[in-house]
Amino acid sequence: MARARLSDVAAAAGVSTATVSLVLNDRVERISPETQERVRRAASDVGYTPNTVARGLRTQRTRTIGLISDTIATTPFAGRMLAGAQDVAREHGYLLFLVNTEGDRAVEEQAIRALVGQQVDAMIYAAMWHRVVDVPAGLPAGTVFLDCRPADGGFPAVVPDDREGGVAAVRELVAAGHRRIAYVDVDEDDPPVASRLRHEGYLQVLAEAGITPDPALHVRAETSAAGGRAAVGHLLDLPADHRPTGIFCFNDRMAVGAYVAAHRRGLDVPRDVSIVGYDDQQLVAGEQDPPLTTVALPHAEMGRWATEVALGVREPPRGSTYLMPCPIVRRDSVGPPPAAAPTPAGDGPGTTPRPAS
């Protein structure tokens, strides 16, 4: 089927092609409302859509945004960033081009060249988790970094405020009356930035509450349900006067393992032990029994912020990086500490966590 042309709209509306062009480009100062309505109805009737390539040549705008990410599109954890970015693009009449590189530098370089060659109006460089990155060669000025920040600055960026997120999580436990509070951290050779920041928040709240940190209550394990189960199993095997009554987990998956470790010992959440996660992961946090109190990663809000800054509809902060608040999501996994903690049984074989250094 042949593409409808401007002349087809003009014939259907009974006006000149110049009038059609003015109406469809919203330059209608001298055109009556009746004629405007007739032209737009005729365009709809004949199925006319603007030639965006030709319009781009005239206006030097393509109404497109390029978004380069590592693994966001292929994981269930950060897809809300893309949803937030897509919503803003749609609201402002832009098309979002997504390239998922799986962390391959060669693919990333090729994607940058291709998007620059397509003359996208804005560029976003995104990561699945909060980290510091080297700026890839070829990124245009004004590129916005999403869920990551450039090592040497120079670009606007948005990341979660993980330090304050850790503060919110531990304050929830302190407010419920807990004094023996553990932090179940991630065990990696190169820990993510969020690990350090959340730990700093943990220590800040302990200091505020006059609680001396116990190194035995800061343990590391693999960032999974199995890792959380092993780490919390180790904590619950401590002598009764050292065993935590409140546990803050690096993420919701580790918190799921914490539930398992508690239940295997016949302990009830939150009657015997309170647990707080991090992420507010869909289909995980709210589905536990009881539902998990956690800290939300504001993925959708970060996606919106980055796209608004990239399009110039929001001013970036005076500093190069904006810390997006991470709110506490209260559910049912936090209660007051037990009057007397029961002596737990063993957990059987499993991955052995290590104390944090």
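Visitor: Is strand S3 mostly enclosed or mostly open, and why?

Guide: Strands are DSSP runs of E with at least two residues, helices are runs of H or I with at least four, and both are numbered from the N terminus. Buried means under 20% relative accessible area, exposed over 50%, and partly exposed in between, with a 1.4 Å probe and protein chains only. Nine of the twelve residues of S3 are buried, so the rest of the structure largely encloses this strand. This is a predicted model: local features need pLDDT of at least 70, side-chain atom pairs count only at pLDDT 80 or more, and totals for chains, interfaces and linings use all residues. Residues are numbered from 1 along each chain as its sequence is written, and side-chain values use heavy atoms, leaving out hydrogens and water.

Visitor: Which strands are joined to S3 by bridges?

Guide: Two strands pair if DSSP finds at least two bridges between them. S1 (residues 64-69) runs parallel to S3, with five bridges. There, Gly 66 has Met 123 of S3 as its bridge partner. S4 (residues 144-150) also runs parallel to S3, with six bridges. Ala 126 is partnered by Leu 146 in S4.

Visitor: How is empty space found?

Guide: Rolling a probe the size of a water molecule over the atoms shows where empty space is left. A pocket is an open set of points on a 1 Å grid over the protein atoms alone, where a 1.4 Å probe fits, with protein on both sides within 12 Å along at least five of seven lines; lining residues have an atom within 4 Å of a point. The largest pocket has a volume of about 540 Å³. It has 27 lining residues, and the closest to its centre are Met 128, Trp 129, His 130, Pro 192 and Phe 250.

Visitor: Which element gives the most to that lining?

Guide: S3 does, with five residues. Helix H8 (193-208) and H11 each supply at least two.

Visitor: Where is Thr 307, and what does it touch?

Guide: Thr 307 is in helix H11 (residues 299-311). Its relative accessibility is 0%, so Thr 307 counts as buried. Contact means heavy atoms within 4.5 Å. Beyond neighbours within four places in sequence, Thr 307 contacts Ile 65, Ala 85, Val 88, Ala 89 and Ile 124.

Visitor: How many disulfides are there?

Guide: A disulfide is a pair of cysteine sulfur atoms within 2.5 Å. The whole structure has zero. The closest cysteine sulfur to that of Cys 148 is in Cys 326, 15 Å away, so it is too far for a bond. Cys 249 is in no disulfide either; its nearest cysteine sulfur, that of Cys 326, is 17 Å away.

Methods: Points joined across faces, edges and corners; volume = space filled by probe spheres on them.
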